[in-house]
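The sequence and structure are shown first.

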Amino acid sequence: MENVYNIEPEVEHYGCLVDCLGRSGRLEEAEELVNSMPIEPNPAVYGSLLGACRIHGNAELGERIGRLLLELEPNNSGRYALLSNIYAKAEEEKETALQYHSEKLAIAFGFISTKPGETIRVVKNLRVCDDCHSAIKLISRVYGREIALRDRVRYHHFRDGTCSCKDFW
């Protein structure tokens with residue numbers, strides 16, 4: 001198979017490993033892998049790690065990797081946007097903590113005010129946090145209820161312990 005991306009195969013393999021570790025939340029291991037690579041990591045490898053920082057809300061590591069990427073690719077506007085999203089998520093998580101995870105309260109109210117089997121619908125103006133997202137998946141499985149949640153960014157449809165966003169929101 002022809003290498004159409006002009007990426008050295010070894011770097012591409014490391015990039016895939018970094019991406020898998022990062023998406024699964026193993027950011028420290030992904031960073032260690034990047035730092036121990038026997039070849040120079042390219043921007044795609046760092047970009048995978050930066051994307052994982054956004055997914056998992058690790059602003060500290062995201063800032064370090066983001067600065068490095070901005071030095072390597074100062075004209076890549078996507079890197080600026082991703083770094084901005086990481087900062088925004090960190091700030092939203094602080095705000096969400098101050099709101100006492102209102103979506104859990106709304107779902108509890110939904111259970112007492114709807115008939116069994118009815119879909120529970122929740123709308124909020126902040127982004128759903130990781131903790132609430134995991135809890136709602138569990139609630140949908142345990143109680144066999146579909147839960148539709150609209151947060152600031154998108155719709156989430158929880159059913160049988162899974163979410164329509166596939167945990168990459």
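This is a predicted model: local features need pLDDT of at least 70, side-chain atom pairs count only at pLDDT 80 or more; totals for chains, interfaces and linings use all residues.

A search of the whole structure returns zero disulfides. For cysteine 129, the closest cysteine sulfur belongs to cysteine 132 and lies 3.6 Å away, which is too far for a bond, since a disulfide requires two cysteine sulfur atoms within 2.5 Å. Cysteine 165 is likewise in no disulfide: its nearest cysteine sulfur, in cysteine 163, is 3.5 Å away.

## Overall architecture

The chain contains seven helices and four strands. Read from the N terminus, the order of the elements is α-α-α-α-α-α-β-α-β-β-β. Of the 169 residues in the chain, 38% are buried.

The accessible surface amounts to about 10300 Å², and carbon and sulfur atoms account for 53% of this area. When contacts between residues at least 6 apart in sequence are considered, 59% of them join residues at least 24 apart.

Isoleucine 55 belongs to helix α3, which spans residues 43-56. With a relative accessibility of 13%, isoleucine 55 is buried, because the cut-off for a buried residue is under 20%.

Which residues does isoleucine 55 contact, leaving aside its neighbours within four places in sequence? They are Arg23, Lys89, Asp130, Asp167 and Phe168. The pair formed by isoleucine 55 and aspartate 130 is separated by 75 residues in sequence, yet the distance from C-alpha to C-alpha is 9.4 Å.

## Helix α6 and its two faces

Helix α6 covers residues 102-113, 12 residues in total. From its first C-alpha to its last it reaches 16 Å, close to the 16 Å expected at 1.5 Å a residue. The buried residues in α6 are Glu103, Ile107 and Gly110. Viewed down the axis of α6, these buried residues fall within an arc of 55°, and they therefore line one face of the helix. An α-helix has 3.6 residues a turn, so residues three or four places apart point the same way.

What do the buried residues of α6 pack against? Their partners are β1 (120-123), α7 (130-143) and β2 (147-150). The face of α6 turned away from the buried side carries Leu105, Phe109 and Ile112, which are exposed.

## Strands β1 and β2

Strand β1 presents two faces: Ile120 and Val122 form the covered one, whereas Arg121 and Val123 form the uncovered one. The pairing of β1 with β2 is parallel and extends over four bridges. Within this pairing, arginine 121 is placed opposite alanine 148 of β2.

## Positive phi angles

Most residues other than glycine have a negative phi. Aspartate 160 is not a glycine, but its phi is positive, near 55°. Aspartate 160 is found in the loop between β3 (155-159) and β4 (162-163).

Lysine 166, also not a glycine, has a positive phi of about 55°. Its position is in the segment after β4. Is lysine 166 buried or exposed? Lysine 166 counts as exposed because its relative accessibility is 64%, and the cut-off for an exposed residue is over 50%.

Terms used:
Residues are numbered from 1 along each chain as its sequence is written. Side-chain values use heavy atoms; hydrogens and water are left out. Buried means under 20% relative accessible area, exposed over 50%, partly exposed in between (1.4 Å probe, protein chains only). Contact means heavy atoms within 4.5 Å. Accessible areas come from the Shrake-Rupley method with a 1.4 Å probe; for residues, only the protein chains shown count as cover. The expected span of a helix is 1.5 Å times one less than its number of residues. The arc is that of the directions from the helix axis to the C-beta atoms. Two strands pair if DSSP finds at least two bridges between them.
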